[in-house]
Amino acid sequence: MPLINVTGIVLKCHDLGEADRIIVMLTRQRGKLRIVAKGARRPGRRFAAVAQPLVELQAGIHTGRNLHTLNQAVILSSHRPIRDDLERLAYGMFMAELVERSTVDDQPQDELLELLSHALYSLEHTDDQELLLAWFEVQLLQILGLLPVWQYCVRCHGQDVPIVGLNAMHGG
């Protein structure tokens with residue numbers, strides 16, 4: 001099992017056995033990965049702090065077929081202000097869930113990682129979480145190529161046509 005270094009954000013966590021935890025992490029180098037953090041559920045263990053959602057970290061992992069194993073980790077940002085406020089935490093977890101559900105394993109998504117990182121830093125400092133979430137959702141749709149066409153009519157391609165409704169079949 002080769003050791004690789006990755007940088008990314010923990011999207012969510014699952015318990016595994018009595019002491020371990022599986023973290024789903026969006027990484028710059030490899031895309032979305034599922035990584036086993038041994039002993040992360042026990043307080044005071046070395047991976048207890050990094051196996052939390054919304055933590056940005058740099059990690060050394062041993063690669064495996066389906067699951068990888070965490071060997072070392074350094075926290076780049078814990079996003080503590082988000083964790084301390086329940087409303088901010090709900091918005092942050094929703095953003096992470098949107099990213100997790102819209103990505104495929106082992107496909108690098110640099111733009112999505114940058115978008116989520118920027119949104120989390122903004123969430124720490126803004127008082128208008130709803131506006132930030134709306135901005136995040138539009139940016140996410142644009143990166144994924146799913147943003148509807150608003151500039152012109154998708155049926156006749158005319159720009160002077162008043163907007164009457166959304167045609168989901170044609171994407172605008």
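Okay, ground rules. What you're looking at is a predicted model, where local features need pLDDT of at least 70, side-chain atom pairs count only at pLDDT 80 or more, and totals for chains, interfaces and linings use all residues. Residues are numbered from 1 along each chain as its sequence is written, and side-chain values use heavy atoms, with hydrogens and water left out.

So, the overall picture. The chain has four helices and five strands, where helices (H or I, at least four residues) and strands (E, at least two) are DSSP runs numbered from the N terminus. Follow the sequence and you read β-β-β-β-β-α-α-α-α. Of the 172 residues, 40% are buried. Buried here is under 20% relative accessible area, exposed is over 50%, and partly exposed is in between, with a 1.4 Å probe and protein chains only. The chain exposes about 9900 Å², and 51% of that comes from carbon and sulfur atoms; those areas are Shrake-Rupley with a 1.4 Å probe, and for residues only the protein chains shown count as cover. Contact, throughout, means heavy atoms within 4.5 Å.

Now the helices. Let's start with H3, residues 110–125. H3 has 16 residues and spans 23 Å from first C-alpha to last, close to the 22 Å expected at 1.5 Å a residue; the expected span is 1.5 Å times one less than the number of residues. Its buried residues include a run of leucines, among them Leu112, Leu113, Leu115 and Leu116, and also Ser117 and Glu124.

How do H3 and H4 sit against each other? Their axes come within 11 Å and cross at roughly 175°. That makes H3 roughly antiparallel to H4. For the record, axes are lines fitted to C-alpha atoms, for helices over the stretch in contact, and angles run from 0 to 180 degrees between N-to-C directions. Under 35 degrees counts as roughly parallel, over 145 as roughly antiparallel, 65 to 115 as roughly perpendicular, and the rest as oblique. The contact residues of this pair split into 11 nonpolar, four polar and one charged. The classes are: Ala, Val, Leu, Ile, Met, Phe, Trp, Tyr, Cys and Pro nonpolar; Asp, Glu, Lys and Arg charged; the others, Gly among them, polar.

Next, H2, residues 86–101, against H3. Here the axes come within 10 Å and cross at roughly 170°, so H2 and H3 are roughly antiparallel too. On the H2 side you have Arg88, Tyr91, Gly92, Met95, Ala96 and Val99, meeting Leu116, Ala119, Leu120, Leu123, Glu124 and His125 in H3. By class, that's eight nonpolar, two polar and two charged.

And H2 with H4? Those two pack at about 5°, axes 11 Å apart, and are therefore roughly parallel. The H2 residues are Glu87, Arg88, Tyr91, Phe94, Met95, Leu98 and Val99, and they meet Gln129, Glu130, Leu132, Leu133, Phe136, Glu137 and Leu140 of H4. That contact has nine nonpolar, one polar and four charged residues.

Staying in H2 for a second, have a look at Glu100. Is Glu100 buried or exposed? Glu100 counts as buried, at 8% relative accessibility. Leaving out neighbours within four places in sequence, Glu100 is in contact with Leu11, Lys12, Val24, Lys32 and Arg34.

Leu54, between strands S3 (31–37) and S4 (56–62), has a positive phi near 75° without being a glycine. Leu54 is buried, at 1% relative accessible area. His79 sits in the loop between strand S5 (68–77) and helix H1 (80–84), with a positive phi of about 55°, and again is not a glycine. His79 counts as buried as well, at 2%.

Last stop, Asn71 in strand S5. Asn71 is partly exposed, at 26% relative accessible area. Not counting residues up to four places away in sequence, Asn71 touches Leu3, Arg46, Phe47, Gly60, Ile61 and His62. Asn71 and Val36 are 35 residues apart in sequence, and their C-alphas are 9.4 Å apart in space.
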